[in-house]
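Let's take a walk through this structure together, one neighbourhood at a time. Keep the 3D view open and click along as you read.

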Amino acid sequence: MDPLVVLDSVNKHYGELHVLKDISITVGKGEVVVIIGPSGSGKSTLCRAINRLETIDDGTITIGGTPLPTEGAGLAKLRADVGMVFQSFNLFAHKTILENVTLGPIKVRGKSKAEADKRAMELLDRVGVANQAAKLPAQLSGGQQQRVAIARALAMDPQLILFDEPTSALDPEMINEVLDTMVQLAKEGMTMIVVTHEMGFARKAADRVVFMADGQIVEDRKPEEFFTNPQSDRAKDFLSKILTH
Amino acid sequence: MNVLLDNLDIFVTGFRNTLIMFVCAGLIALVLGTIVGTFRVSPVAPMRALGTVYVNIVRNTPLTLIFFFFAFGYPKLGLPRASYLVLAIIALSLYTATYVAEALRSGINTVPLGQTEAARAIGLTFGQSMTLVVLPQAFRAIVPPLMNVFIALLKNTTIAAGFSVADAGAIRAYLSERGEPQLVVLLWVALIFVLLVALLSWAQRALEKKWRLAR
């Protein structure tokens, strides 16, 4: 498998707190990697470092063989190729659903409005919210907003999509509609790095489960092996806490 | 009423100059203030410093002193000559821009960080994410304070009367030469200002209604 994202000895501190400790991980093209772990384990920071929403202190991150630029036009160009879906959706509050999806393609990719609109409507249809295209984000439910956010990421034709706890801010009955969309994407071969607490998604769609604790990668294995036979005490303890309910 | 009707020429000239200064300085201050406000939240440290220095120096100087500089200092600098009206517009623009910048900065701070992150995550540059995502939302949030700034500007234009601009603030002086009762003249000037400000307040309400932003 071609490596797409390669992190080598990445470290990050928040003041005294060593939040990423010597992280090295490779994600191949078409792979779905789920990152799980207790709060404060550094999993969101790791996810956000991959498109440099978080800076790192040392180590290297390369995407498609290119080292992550530190700033400027190069970084913007790279971010255009890396989709991101946030916990709190972050749809542009003053723009309609359709405009949210077409903004990047028009302003970054230079597509015509007609072309961008057509593609956006296809994507909105695919995530099941095409009939909401003219509304503002606040008029949609959380689950709908998150599916729009996925469509917005897809509209850029990204090489991979990062999901930072995409269902953590959703009401329980809306979680599945978002997860279904994500499972569909995984089946279509999209490269995905997903920080989540949804173990069901990890079992169903992940190629690998990465378990993080205290800023380190503790386990990195196939989902079935990880869930049925965790090796580390830290993972056993974590799983016993979340799987008993 | 006769005071107004008999001297309509003076009133019209005065308020025309006031409105010229208000509109020109308002537009320049809006543009300059937006640039300075953006500088103040820029990720580039020297730009932030430049914005801060500008705001602190100009905003902390009394407007009258800025007028003194342009009326008496500027002509000695050997720069192209300009009429008192143009110099007054420059002085008012530079001064008002600092207030626009600060109102805008407070507006920018109300836009959730996630909006910027989402903008940058789809590959927009800093400039694009400001102009396409952050500023449109910031402006919607600061309509009331921004309108305060413009109301202050409208009234500040009368200071130009002290620097040889025949604006609304100068009407009393002209009419006293014609022997009109000064108190009545001032009441008329005040009434017209109240009406103009009411017009601005109406514009503010209309904008607030149009731009009401649901979150």
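This is a predicted model: local features need pLDDT of at least 70, side-chain atom pairs count only at pLDDT 80 or more; totals for chains, interfaces and linings use all residues.

## A hidden valine

You'll find V185(B) in helix 10 of chain B. Who does it touch? Skipping the neighbours within four places in sequence, V185(B) is in contact with V3(B), F11(B), I171(B), R172(B), L175(B) and E180(B).

V185(B) and P136(B) are 49 residues apart along the chain, and their C-alpha atoms are separated by 42 Å.

## The greasy middle of chain B

Now zoom out to the largest nonpolar core, which has 53 residues. Which of them touch the most other members? That would be F11(B), F15(B), F67(B) and I171(B). Several helices of chain B give two or more residues to this core, including helix 1 (2-6), helix 2 (8-40), helix 4 (63-73) and helix 10 (182-210). Helix 5 of chain B provides the largest share, with eleven residues.

Not counting residues up to four places away in sequence, I171(B) touches I10(B), F11(B), G14(B), F15(B), V185(B) and V189(B). Apart from this core there is another one, made of 50 residues, and its members include L124(A), A186(A), M190(A) and A206(A).

## Chain B as a whole

What is chain B built from? It has ten helices and zero strands. Its C-alpha atoms fill a box of roughly 70 × 45 × 25 Å along the principal axes. Chain B has 215 residues, and 43% of them are buried.

The contacts tell you something about the folding pattern, too. If you take the contacts in chain B between residues at least 6 apart in sequence, 77% of them join residues at least 24 apart.

## Where the two chains meet

Next stop: the interface. Here 22 residues of chain A are in contact with 20 residues of chain B. The size of an interface is often given as the accessible area lost when the parts come together. For chain A and chain B, the buried area is about 1800 Å², and carbon and sulfur atoms give 66% of it.

How many salt bridges cross this interface? The rule finds one. It joins the side chains of E117(B) and R48(A), at 2.6 Å from N to O. The rule also finds seven residue pairs in polar contact across the interface. On the side of chain A that touches chain B, helix 2 (72-81), strand 6 (82-85) and helix 3 (97-107) each supply at least two residues. That side has 13 nonpolar, four polar and five charged residues.

## Charged pairs

Over all chains, the structure holds 21 salt bridges. E117(B) and R48(A) belong to a network of salt bridges that also links K12(A) and E54(A).

Other pairs sit within one chain. D117(A) and K113(A) meet in a salt bridge at 2.8 Å, N to O. They are about one helical turn apart, because four residues separate them in helix 4 (residues 113-126) of chain A. D117(A) is buried at 16% relative accessible area, whereas K113(A) is exposed at 55%. R147(A) forms a salt bridge with E177(A), where the closest N and O atoms are 2.8 Å apart. R147(A) lies in helix 5 (residues 142-154) of chain A and E177(A) in helix 6 of chain A, so this pair ties together parts that are 30 residues apart in sequence.

Is K43(A) buried or exposed? Its relative accessible area is 4%, so K43(A) counts as buried. K43(A) is found in helix 1 (residues 43-49) of chain A. A polar atom of its side chain lies 3.2 Å from the backbone oxygen of G37(A). The contacts of K43(A) also include E165(A) and H197(A).

Most residues other than glycine have a negative phi. E165(A) has a positive one, near 45°, and R52(A) has a positive one near 60°. E165(A) is in the loop between strand 7 (160-164) and helix 6 (172-187) of chain A, while R52(A) is in the loop between helix 1 and strand 4 (58-63) of chain A. E165(A) is buried at 12% relative accessible area, and R52(A) counts as buried at 19%, because the cut-off is under 20%.

Key. Residues are numbered from 1 along each chain as its sequence is written. Chains are lettered from A and ligands numbered from 1 in the order in which they are written. Side-chain values use heavy atoms; hydrogens and water are left out. A nonpolar core is a set of buried Ala, Val, Leu, Ile, Met, Phe, Trp, Tyr and Cys residues joined through side-chain atoms within 4.5 Å. Buried means under 20% relative accessible area, exposed over 50%, partly exposed in between (1.4 Å probe, protein chains only). Contact means heavy atoms within 4.5 Å. Buried area is the accessible area (1.4 Å probe) that two parts lose on being put together, summed over both. A salt bridge is a side-chain nitrogen of Lys or Arg within 4 Å of a carboxyl oxygen of Asp or Glu. A polar contact is a pair of N or O atoms within 3.5 Å; within protein, one must be able to donate a hydrogen and the other to accept it, and residues adjacent in sequence count only if both atoms are side-chain atoms. Ala, Val, Leu, Ile, Met, Phe, Trp, Tyr, Cys and Pro count as nonpolar, Asp, Glu, Lys and Arg as charged, and the others, Gly among them, as polar.
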